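Colleague: I have not looked at this one before. Please take me through it.

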Amino acid sequence: MSQYKQPVSVLVVIHTPALEVLLLERAAHAGYWQSVTGSREADEALIETAHREVLEETGLDSHHFRLSDWQQTNTYEIFPEWRHRYAPGVTQNTEHVFSLELPAIQPVRIAPGEHLAYAWHPWREAAERCFSASNREAILALPSRQR
């Protein structure tokens, strides 16, 4: 197993049919809210990365709900303060977008080392609270993604 994170990650926007969106507050940056994110490990399929990250960060088993692969990627520059986690010279990450629809708001068990708190917000408010542009754009696209 490599000592470095892969510059390939998932973004999983968790929401209800009424478009209540779950946000998590980063432990390393109080006030920075986001959806579930995480890097692929080894050669796991991206859908499995999404399932694993949802379970690790929220305690929710996404196999029981509708997890959708948007077949959309975002490439962004890795914040300099986090580049030490990646191989030397790696400065960009490719993020794969997913959404997870729950039937209703669920209680969440956050990972204390990663997050300080969680909150459910109406989609527009959730988008406004996100520090990540790609996360904000994904939340704003939710209404057009519903069946």
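Colleague: Which element does Leu55 lie in?

Modeller: Leu55 is part of helix α1, residues 46–58. Helices are DSSP runs of H or I with at least four residues, strands are runs of E with at least two, and both are numbered from the N terminus. This is a predicted model, where local features need pLDDT of at least 70 and side-chain atom pairs count only at pLDDT 80 or more, while totals for chains, interfaces and linings use all residues. Residues are numbered from 1 along each chain as its sequence is written, and side-chain values use heavy atoms, with hydrogens and water left out.

Colleague: Is Leu55 buried, exposed or partly exposed?

Modeller: Leu55 counts as partly exposed because its relative accessibility is 43%. Buried means under 20% relative accessible area, exposed means over 50%, and partly exposed is in between, with a 1.4 Å probe and protein chains only.

Colleague: What does Leu55 touch?

Modeller: Leaving out residues up to four places away in sequence, Leu55 touches Leu60 and Asp61. Contact means heavy atoms within 4.5 Å. Leu55 and His84 are 29 residues apart in sequence, and their C-alpha atoms are 25 Å apart in space.

Colleague: Back up a bit. How many helices and strands are there?

Modeller: The chain has three helices and seven strands. Their order from the N terminus is β-β-β-β-α-β-β-β-α-α.

Colleague: What about β2, is it enclosed or exposed?

Modeller: β2 is largely enclosed by the rest of the structure, because six of its seven residues are buried.

Colleague: Which strands do bridges join to β2?

Modeller: Strand β7 (residues 115–122) is joined to β2 by seven bridges, and strand β3 (residues 33–34) by two. Both pairings are antiparallel. Two strands pair if DSSP finds at least two bridges between them. On the β7 side, Glu20 stands opposite Pro122; on the β3 side, Leu24 has Gln34 as its bridge partner.

Colleague: How many residues sit between β2 and β3?

Modeller: Six, and the two strands form a hairpin. In the turn, Gly31 has a positive phi of about 95 degrees.

Colleague: Which residues have a positive phi although they are not glycine?

Modeller: Leu19, at about 65 degrees, and Ala42, at about 50 degrees, are listed here. Most residues other than glycine have a negative phi. Leu19 is in the loop between β1 and β2, and Ala42 is in the loop between β4 (36–39) and α1. Leu19 is buried because its relative accessible area is 7%, whereas Ala42 is exposed at 63%.

Colleague: New topic. How many residues does the largest nonpolar core have?

Modeller: It has 16 residues, and those with the most contacts inside it are Val13, Val21, Leu23, Ala138, Ile139 and Leu142. β1 (8–15), β2 (20–26), α2 (123–129) and α3 (133–145) each give two or more residues to this core. Another core, of 15 residues, lies apart from it and includes Leu22, Val54, Phe98 and Trp120. A nonpolar core is a set of buried Ala, Val, Leu, Ile, Met, Phe, Trp, Tyr and Cys residues joined through side-chain atoms within 4.5 Å.

Colleague: Which residues does Ile139 contact?

Modeller: Setting aside neighbours within four places in sequence, Ile139 contacts Val13, Val21, Leu23, Ser35, Trp123, Ala126, Ala127 and Cys130.

Colleague: And where is Arg136 found?

Modeller: Arg136 is in helix α3. At a relative accessible area of 29%, Arg136 is partly exposed. Its side chain reaches the backbone oxygen of Cys130 at 2.6 Å.

Colleague: Last one. Which side chain does Ser99 join in a polar contact?

Modeller: That of Trp70, at 2.8 Å. A polar contact is a pair of N or O atoms within 3.5 Å; within protein, one must be able to donate a hydrogen and the other to accept it, and residues adjacent in sequence count only if both atoms are side-chain atoms. Ser99 is in strand β6 (residues 92–101) and is buried, with a relative accessible area of 6%.
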